[in-house]
Amino acid sequence: MNCPGYRRARLVTKDGRCNIEYGNFKYSRHFAFLADFWTTFVEIRWRFVLFLFIASFTLSWFIFGLLWYWIARNNGDLEWQNPQNDHTPCVYNVVGLTTAFLYSLETQTTIGYGGRALTPLCPGAVALIIIQSLVGAIINCFMCGVILSKISSPKKRAKTITFSDMAVISPKNGTLCLSIRVANLRKTLMIGSQIYGKLLRTTITPDGETIIMDQVNIDFMMDAGKDNLFFICPLTLYHVIDKSSPFFEMAVDTLNKQEFELVVFLDGTAESTSSSCQVRTSFIPQEIMWGYNFLPIISRSKEGKYRVDFSNFSKVVPVATAHCPYCFHNIKGHHHHSRDGNDNPGFEVIDMNDPTTLTKM
């Protein structure tokens, strides 16, 4: 179905977010999120984290302020109780609700302006200041831990790893390949990087069962192999379209009529933080260009330095390509370029010898 205005639903967006919704939870299942409260707090949005940060401190100050007010009231320290001149209060200068709140804030934040001070007259006040100090330390540790975890989240490192907007199908080293380009925008390496893919499609089993999200493994590799990528510069990864590939039955004129989504994953460990992260993206049939190849982006200057031109990162050029994988493997010389696929006239070829167009690593 490729009607005008029809928007194909995708499970994984181009920036890696999963487009899936859970429903009909049993009520008891919601308590599982409370039991795993740490993960729940780390995963919620920043606006809610900041709200909880402010609310937790403000509420604790107010609650303990009420308790200090109650202690002062029981001891007859408040102004409206008209204490005698020789009266010894539990806390000096706590004579109302406002001053009780200020003393609570000063105690929990260890400010100690000196205007209000605890006396040893009331054992309850001594116990309360110990309790508030411990509660304040716990709140400080928890909220600082949540904020630090969100700031250092591996998802942030994944933002500096990008995939090409389109995938291409073209000959490479005597085979027909589906190629994708990926780049690490930081100079720090991703250690132990591995890339793999899943082809999601709806299939019908011989028993007549319809599988909405059938997953087929898609192997990607480089010229040097498929394990432990040396991810210091942009790489072009390719999947060989042979008889075992799910793309073998497709052709240039039927590709856009297919119903599938190619999800690509890259797993690795950040060299600077030793934290593992995963980067995801997806390609639908309209984002796979048959008969094109990526422009080169790596060159070497006269000074012997390697340069990367990111303006060419997603740009392609047409190349002679067979009409279908069967033609490529079985019909000799049948390697023409067809423009029945996605032709993108916006792509421009940039001369790599022009130093003004190069991006220095």
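Reader: Which residue in β7 stands opposite M190?

Author: First, a heads-up: this is a predicted model, where local features need pLDDT of at least 70, side-chain atom pairs count only at pLDDT 80 or more, and totals for chains, interfaces and linings use all residues. Residues are numbered from 1 along each chain as its sequence is written, and side-chain values use heavy atoms, with hydrogens and water left out. Strands are DSSP runs of E with at least two residues, while helices are runs of H or I with at least four, and both are numbered from the N terminus. In β7, the residue standing opposite M190 is A270.

Reader: How many bridges join β4 to β7?

Author: Strands of a sheet pair through backbone hydrogen bonds, either parallel or antiparallel. Here, two strands count as paired if DSSP finds at least two bridges between them. K198 stands opposite V263 in β7. β4 and β7 run antiparallel, and the number of bridges joining them is 10.

Reader: And how many bridges join β4 to β5?

Author: Take a look at strand β4, residues 190–204. I204 stands opposite T210 in β5, and G197 has I218 as its bridge partner there. β4 and β5 run antiparallel, with a bridge count of eight.

Reader: Which strands stand at the edges, each with a single partner strand?

Author: Trace the open sheet of four strands in its order, β5-β4-β7-β8, with antiparallel pairing. From one strand to the next, the twist averages 25°. The two edge strands each have one partner, so one side of each is left without a neighbour in the sheet. They are β5 (210–219) and β8.

Reader: Is C277 buried or exposed?

Author: C277 lies in strand β8, where it is the bridge partner of G268. R157 is 120 residues away along the chain, yet the C-alpha atoms of C277 and R157 are separated by 7.4 Å. C277 has 7% relative accessibility, so it counts as buried.

Reader: Which residue takes a positive phi near 60° in the hairpin of β7 and β8?

Author: There's a hairpin of β4 and β5 as well, with five residues between the strands, and G208 takes a positive phi near 90° there. β7 and β8 are joined by eight bridges and run antiparallel. Their hairpin has five residues between the strands, and the one with phi near 60° is S274.

Reader: At roughly what angle do the axes of α3 and α5 cross?

Author: Axes are lines fitted to C-alpha atoms, for helices over the stretch in contact, and angles run from 0 to 180 degrees between N-to-C directions. α3 is residues 46–74, α5 is residues 123–151, and their axes come within 11 Å and cross at roughly 175°. The angle you asked for is roughly 175°.

Reader: At about what angle do α4 and α5 pack?

Author: Helix α4 spans residues 97–108, and its axis is 9 Å from that of α5. The packing angle of these two helices is about 60°.

Reader: Which residue has a side chain joined to that of E287 by a polar contact of 3.0 Å?

Author: E287 sits in the loop between β8 (276–283) and β9 (288–290). With 14% relative accessibility, E287 counts as buried. A polar contact is a pair of N or O atoms within 3.5 Å; within protein, one must be able to donate a hydrogen and the other to accept it, and residues adjacent in sequence count only if both atoms are side-chain atoms. The partner of E287, at 3.0 Å, is R10.

Reader: What is the relative accessible area of T110?

Author: T110 is in the loop between α4 and α5, and it has a positive phi of about 55° although it is not a glycine. N93, in the loop between α3 and α4, has a phi near 65° and is partly exposed at 46%. T110 is exposed, with a relative accessible area of 67%.

Note on methods: Buried < 20%, exposed > 50% of the residue type's maximum accessible area, 1.4 Å probe, protein only.
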